[in-house]
Amino acid sequence: MNDKLEFEAIYPHSPDEVWRAITDPEALSRWFLPTDFRPLIGLRFRFEAPERPIDCRVLKIEEGRQVVFSWRDRDDEDPSFVTWTLEPVDGGTRLTIEHQLPEEPVVTILPVEASMNWRAFLRRLFPVPTMVIVC
Amino acid sequence: MDATDVFSAISAPTRRAILARLAEREMPVQELAGSFDMTLSAVSQHLAVLREAGLVEIRREGKQRFYRLNPQPLRTVADWVRRYEPFWNRKLEALGEYLEENS
């Protein structure tokens with residue numbers, strides 16, 4: 001089922017550098033949100049978002065490649081799931097972020113192009129003037 | 001409404017096209033099939049998925065059945081996208097800046 005948001009970006013840095021940036025609590029606290037994250041499966045941790053803390057739990061760590069964690073902010077009844085995946089590419093590293101709706105985690109791939117299509121479709125039905133797509 | 005079903009229902013381009021068509025006005029299945037150059041049974045199958053997700057409703061008038069759009073469940077998905085899409089895009093950008101400054 002295609003029930004997730006998917007984003008990606010390519011950085012001109014090695015997978016090791018990007019891996020450090022997405023798993024080191026100090027690095028995360030600088031570019032993402034202040035956190036007590038550590039790459040330990042089962043660990044409960046928090047991201048201190050400005051409006052409210054986000055309660056998370058590490059679900060999967062694949063050293064150098066993938067981090068999966070649950071994600072619940074106060075407004076969400078059930079946790080959603082966030083997957084960060086690294087992939088070496090020519091001249092750098094691709095980071096893919098998947099944010100899956102509150103449901104059982106199932107492994108599916110939503111091609112970026114397809115996701116863009118339904119987002120465009122939603123926008124037509126419910127126009128949001130402020131929405132910007134960067135990647 | 002289960003948002004997963006809604007995502008799943010709108011993941012098929014044909015079903016999005018059907019919804020877009022029904023957003024203009026309600027119509028019977030024959031007319032829908034005609035405008036997409038599809039068989040009645042193919043269109044009926046798509047409509048069944050859309051009804052399951054609560055996106056399409058039926059209005060009966062005599063023997064005629066009109067299909068119409070119910071956009072309400074799409075709001076669930078639209079809210080989700082509206083909330084998180086700008087967030088993740090900003091973060092991807094912030095990571096790029098962080099990497100730039102720290103390598």
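Author: Start with a cut-off: buried means under 20% relative accessible area, exposed over 50%, and partly exposed in between, using a 1.4 Å probe and protein chains only. Of the 135 residues of chain A, 48% count as buried. This is a predicted model, where local features need pLDDT of at least 70, side-chain atom pairs count only at pLDDT 80 or more, and totals for chains, interfaces and linings use all residues. Residues are numbered from 1 along each chain as its sequence is written, chains are lettered from A in the order in which they are written, and side-chain values use heavy atoms, without hydrogens and water.

Reader: Why is strand 4 of chain A largely enclosed?

Author: Strand 4 (residues 66-72) of chain A is largely enclosed by the rest of the structure because six of its seven residues are buried.

Reader: And how do I read its pairing?

Author: Two strands pair if DSSP finds at least two bridges between them. Strand 4 of chain A pairs antiparallel with strand 3 (residues 53-62) of chain A over seven bridges; there, Lys60(A) has Val68(A) as its bridge partner. Three residues lie between the strands of that hairpin, where Gly64(A) takes a positive phi near 80°. Strand 4 of chain A also pairs antiparallel with strand 5 (residues 80-89) of chain A, over six bridges, and Phe69(A) stands opposite Val82(A) in strand 5 of chain A.

Key:
Helix = DSSP H or I, 4+ residues; strand = E, 2+ residues; numbered from the N terminus.
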